[in-house]
Amino acid sequence: MRRIVFLATLLVVVSSFSLAQQPAPAKAATGPSEFKISGSVTTPLTVTLEDLKKMPRKTLRVENGHAKKTEVYEGVPLEALLQKAGVPQGNWYGEPR
């Protein structure tokens, strides 16, 4: 489960980084930014930008062999959001930790 959470978190971070490299849109979106975690969870959850700002963040440093430089990614770990929504935690075989 840790590998899945780490890979999912890394994917979210890399996706965010890729989007950050694109030019800004001409007009910024208005209204609240939010996303929902629902489905097979004990506590369906709507997370806003303000919620994310209040949560603990982690920093990940990665050596990019192609660019020969260190890249730094920061954000709220996906695992923390899934725990808050009540997603069961376990190992690869579905057993509790």
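**Salt bridges and overall fold**

Glu50 and Lys53 are joined by a salt bridge, with the closest N and O atoms 3.6 Å apart. The model is predicted. Both residues lie in helix α2, three residues apart, about one turn of the helix. Glu50 is partly exposed, at 44% relative accessibility. Lys53 counts as exposed, at 54%; the cut-off for exposed is over 50%.

The structure holds two salt bridges. In the other, the side chains of Glu74 and Arg57 meet at 2.8 Å, N to O. Glu74 belongs to strand β4 (residues 69-75), whereas Arg57 is in the loop between α2 and β3, so the pair ties together parts that are 17 residues apart in sequence. Glu74 is partly exposed, with a relative accessible area of 46%. Arg57 is also partly exposed, at 46% relative accessibility.

Helix α2 spans residues 49-54 and includes Lys54. Lys54 is exposed, with a relative accessible area of 68%. The C-alpha atoms of Lys54 and Val76 are 9.6 Å apart in space, and the two residues are 22 apart in sequence.

These elements belong to a protein with three helices and four strands. Along the sequence, their order is α-β-β-α-β-β-α. Of the 97 residues, 20% count as buried. The accessible surface comes to about 7800 Å², and carbon and sulfur atoms contribute 59% of this area. Among contacts with a separation of 6 or more, 40% are between residues 24 or more positions apart.

Technical notes:
Residues numbered from 1 in each chain as written. Predicted model: local features only at pLDDT ≥ 70, side-chain atom pairs only at ≥ 80, totals over all residues. Heavy atoms only, no water. Helix = DSSP H or I, 4+ residues; strand = E, 2+ residues; numbered from the N terminus. Buried < 20%, exposed > 50% of the residue type's maximum accessible area, 1.4 Å probe, protein only. Contact = heavy atoms within 4.5 Å. Areas by Shrake-Rupley, 256 points an atom, 1.4 Å probe, with all protein chains shown as cover. Salt bridge = Lys/Arg side-chain N within 4 Å of Asp/Glu carboxyl O.
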